[in-house]
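Biologist: I would like to learn how to read strands and cavities in a model. Can we take them one at a time?

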Amino acid sequence: MKLASLKNGRRDGALHVVDGTLGRAVPVPRFPTLQAALDDWARAEPVLSDISAKLNAGQSPGIAFDPRDCLSPLPRAYQWADGSAYVNHVALVRKARGAELPASFWTDPLMYQGGSDSFLAPHDPIPLKDPEWGCDFEAEIAVVTDDVALGTDAATAATRIRLVMLVNDISLRGLIPDELAKGFGFFQSKPASSFSPIAVTPDELGTAWNGCKLSGALRTSLNDELFGCPDAGIDMTFDFPTLIAHAAKTRALGAGTIVGSGTVSNRGPDGGPGTWTAQGGRGYSCIAERRMVEQITGGQAVTAFLKKGDRVRIEMLDEKGASIFGAIEQVVGG
């Protein structure tokens with residue numbers, strides 16, 4: 001199933017089932033919001049599945065679907081926990097500033113708790129009050145869980161994944177160093193994130209989903225030029241069940257919890273940091289990583305962070321070239 005929350009003048013939007021071509025959608029009066037469906041998934045899933053089957057079979061006319069009418073699938077969530085599952089990304093960050101990577105980073109996931117009371121819609125502008133804050137995109141994968149009990153192990157966590165979607169985890173790089181230096185984590189440096197127009201049930205993803213992670217090129221474009229296309233199924237040190245179990249070590253997770261992968265990042269064929277897409281490489285899912293590689297290889301970061309008017313697009317295509325989740329497509333605003 002493919003699910004979206006369409007704008008209706010209310011902060012949680014209206015839940016719709018979307019067809020496989022992302023062309024038509026049907027509202028779900030019995031479960032008016034996605035959170036309502038997640039709160040009662042055992043009853044909601046058969047209802048949504050039936051609507052989806054009829055819509056895709058042409059037995060339900062639906063309405064024309066336009067991703068510009070979408071909020072993020074969960075316009076607000078009870079919890080948003082973002083991991084850093086691609087340790088290659090973390091290693092590059094630390095190498096660029098001359099810091100060693102602790103051995104524990106390969107065995108114990110990094111995770112921060114982000115603000116979840118209000119997410120940006122997938123076509124909303126990215127607010128930026130001060131260009132000196134170093135605004136950056138971060139292309140990621142995320143899953144949405146059902147209730148997860150305290151102390152749940154990874155094997156059980158895998159059975160609690162209900163939806164998969166894409167994320168632009170916007171970061172203000174210029175604010176991060178001073179915040180981390182205080183020893184209390186991100187806050188101002190992590191403004192509202194945005195998510196893909198569509199959240200997809202794992203069964204809809206076919207062989208791209210192996211129960212633990214999603215494979216496929218995560219395509220990020222900046223001002224209509226391909227910036228990165230790393231494969232989300234490669235170099236993922238910690239899969240989603242592991243991340244969920246990590247989050248649930250000391251707390252229960254409520255239905256509708258979003259768990260992010262962190263910036264998708266691939267090593268180069270030689271095990272190094274990889275190269276630009278223009279040079280035949282997979283590129284990068286954030287500006288900071290490209291700047292790190294510039295610094296490591298050339299001694300100086302050259303690529304600028306986002307400025308007003310820049311356009312960011314994040315998307316994943318299936319084997320036929322069709323958009324799976326719809327695109328996050330945002331312009332940097334004032």
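Biologist: Which residue in β12 does Val167 stand opposite?

Modeller: This is a predicted model. Here, Val167 stands opposite Phe195 in β12. Two bridges join β10 to β12 (residues 194-195), and the strands run antiparallel.

Biologist: Why is β10 largely enclosed by the rest of the structure?

Modeller: Check burial residue by residue. Eight of the eight residues of β10 (residues 161-168) are buried, so the rest of the structure largely encloses the strand.

Biologist: In what order do the strands of the open four-stranded sheet run?

Modeller: In a regular strand, side chains alternate between the two sheet faces. The order here is β15-β14-β17-β18, with antiparallel pairing. β15 (225-228) and β18 (328-331) are at the edges with a single partner strand each, so one side of each lacks a neighbour in the sheet. From one strand to the next, the twist averages 25°. Three bridges join β14 (residues 218-222) to β15. In that pair, Ser221 stands opposite Leu226.

Biologist: How many cavities of 30 Å³ or more does the structure hold?

Modeller: Rolling a water-sized probe over the atoms shows where empty space is left. The structure holds one cavity of 30 Å³ or more. The largest cavity has a volume of about 40 Å³.

Biologist: What lines the largest cavity?

Modeller: The lining residues include Ser5, Asp12, Leu74 and Arg76. By class, the lining has three nonpolar, three polar and two charged residues.

Methods:
Residues are numbered from 1 along each chain as its sequence is written. This is a predicted model: local features need pLDDT of at least 70, side-chain atom pairs count only at pLDDT 80 or more; totals for chains, interfaces and linings use all residues. Side-chain values use heavy atoms; hydrogens and water are left out. On a 1 Å grid over the protein atoms alone, a cavity is a set of points where a 1.4 Å probe fits but cannot get out, and a pocket is an open set with protein on both sides within 12 Å along at least five of seven lines; lining residues have an atom within 4 Å of a point. Grid points are joined across faces, edges and corners, and a volume is the space filled by probe spheres set on the points. Ala, Val, Leu, Ile, Met, Phe, Trp, Tyr, Cys and Pro count as nonpolar, Asp, Glu, Lys and Arg as charged, and the others, Gly among them, as polar. Buried means under 20% relative accessible area, exposed over 50%, partly exposed in between (1.4 Å probe, protein chains only). Two strands pair if DSSP finds at least two bridges between them. Axes are lines fitted to C-alpha atoms, for helices over the stretch in contact, and angles run from 0 to 180 degrees between N-to-C directions.
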